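Take a look at the spaces inside this protein and at what lines them. The text below goes through the pockets and then the ligand.

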Amino acid sequence: MSLLRLPGLIDPHVHLREPGGTHKEDFDTGTAAALAGGFTAILAMPNTQPPLTDAASLGLAKQAGRSKARCDYALFLGAGSENARAAAELAGQACGLKMYLDQTYGPLRLDDLASLQAHVRHWPAHRPIAAHAEGRSLAALILLAALRGRPLHVCHVSLREEILLIRAAKERGMPVTCEVTPHHLFLSERDASAIGPGRSEVRPRLATVEDVEALWDNLDVIDCFATDHAPHTLEEKDSTTPPPGFPGLETALGLLWTAVRRGRLTADDLILRMHTNPRRIYGLPEQPETFVELDDEAEWEVRGTELHSRCGWTPFEGRRLSGRVRSVVLRGREVFCDGRVLAEPGSGRDMMAS
Ligand code: NCD
Ligand code: ZN
């Protein structure tokens with residue numbers, strides 16, 4: 001066995017489904033899955049039921065985190081059509097504002113230019129706006145952010161023209177950052193039929209092989225790897241109205257580490273995108289005495305039934321990966337060891353607690 005020590009990984013894009021969707025996942029199972037995947041901190045998305053758009057809904061999620069989280073976390077506020085001022089007043093309690101400009105799971109969606117502009121105007125400039133903005137929405141949002149000179153973080157970039165647009169914005173000195181998911185790096189539309197018609201539904205959609213290649217060719221433009229862990233039950237995925245989304249917390253490191261072993265990226269490239277940059281972009285506090293021990297040579301096969309996530313399936317079923325998390329230490333305590341989560345529910349900290 002050859003053990004390597006990595007810093008605690010940070011996933012800046014996770015759906016924990018609490019409140020309102022705990023049959024898919026909750027703070028307990030989602031943060032257990034995070035630790036099993038080598039993540040010691042996660043940023044949770046606001047498209048819950050109710051969505052996290054005001055003090056009352058944010059309070060529900062904060063309460064769930066306090067009693068159930070096993071790793072550290074912070075919450076996004078959601079941008080609705082009416083809450084630009086209210087969200088800005090709560091900014092100190094959240095890691096960022098999440099805007100949905102394109103269709104996906106849940107009711108949170110910004111359609112009109114006026115409410116978009118209101119959020120860009122009111123949300124404090126020192127805290128990130130994270131956006132689901134594909135294609136033309138992305139071009140529009142980059143313009144609005146640039147007009148105010150404010151930072152913008154683009155979620156789950158999947159297309160060649162999008163990554164090239166972000167490259168161009170960065171080359172002009174605009175404060176734009178972005179993330180790419182493992183599923184957009186390791187799956188294309190060609191894999192959809194093998195995964196299954198409902199199970200392969202995800203937003204943004206699995207793209208062409210050329211898009212996947214363009215993401216790899218523009219690795220220097222990618223600031224973060226984010227799982228967009230979006231669990232839904234198999235019953236829901238195999239129904240006639242399958243909700244979009246893949247679980248990803250427990251396969252991300254194995255997929256990316258296998259790419260390191262094959263020479264597609266370096267260990268430093270990975271640490272920059274799974275630790276250093278997410279911390280810097282979201283201004284997250286240090287986690288002292290926190291690290292992951294990875295068995296560099298361990299080979300394993302992905303099996304949905306072995307996941308800690310409540311959803312119990314994965315689009316990477318059967319994939320052989322190299323590199324397995326042996327142990328995770330969070331703030332001096334061993335919280336995961338040889339497949340077992342040792343952290344108690346409620347031991348994780350809200351990184352934005354006042
Ligand atoms: C996400 C979900 O299920 O909450 N689904 C997805 O396909 N990625 C929502 C999102 O991030 O767009
Ligand atoms: Zn998401």
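L187, D191, A194, I195, R199, L234, W313, T314, P315, F316, E317 and R319 line the second largest pocket; a pocket is an open set of points on a 1 Å grid over the protein atoms alone, with protein on both sides within 12 Å along at least five of seven lines, and lining residues have an atom within 4 Å of a point. This lining has seven nonpolar, one polar and four charged residues. The space in this second largest pocket is about 170 Å³. The model is predicted, and totals for linings use all residues, while local features need pLDDT of at least 70 and side-chain atom pairs pLDDT 80 or more. Residues are numbered from 1 along each chain, chains are lettered from A and ligands numbered from 1 as written, and side-chain values use heavy atoms, without hydrogens and water.

The largest pocket holds about 320 Å³ of space. It is lined by 21 residues, and A36, E250, W300, R324 and F336 are the closest to its centre. Strand 11 gives the largest share of that lining, four residues. By class, the lining of the largest pocket divides into nine nonpolar, five polar and seven charged residues.

Ligand 1 sits in the largest cavity, a cavity being a set of grid points where a 1.4 Å probe fits but cannot get out, and sitting there means that more than half of the ligand's atoms lie within 2 Å of those points. Around ligand 1 are 15 residues, with R17, N47, T104, R203 and D228 the closest. An oxygen atom of ligand 1 lies 2.6 Å from a side-chain N or O atom of T104, and a nitrogen atom of ligand 1 lies 2.8 Å from one of D228.

Definitions and conventions. Near = heavy atom within 4 Å. Polar contact = N/O pair within 3.5 Å; in protein donor to acceptor, adjacent residues only side chain to side chain. Points joined across faces, edges and corners; volume = space filled by probe spheres on them. Helix = DSSP H or I, 4+ residues; strand = E, 2+ residues; numbered from the N terminus. Nonpolar A, V, L, I, M, F, W, Y, C, P; charged D, E, K, R; others polar.
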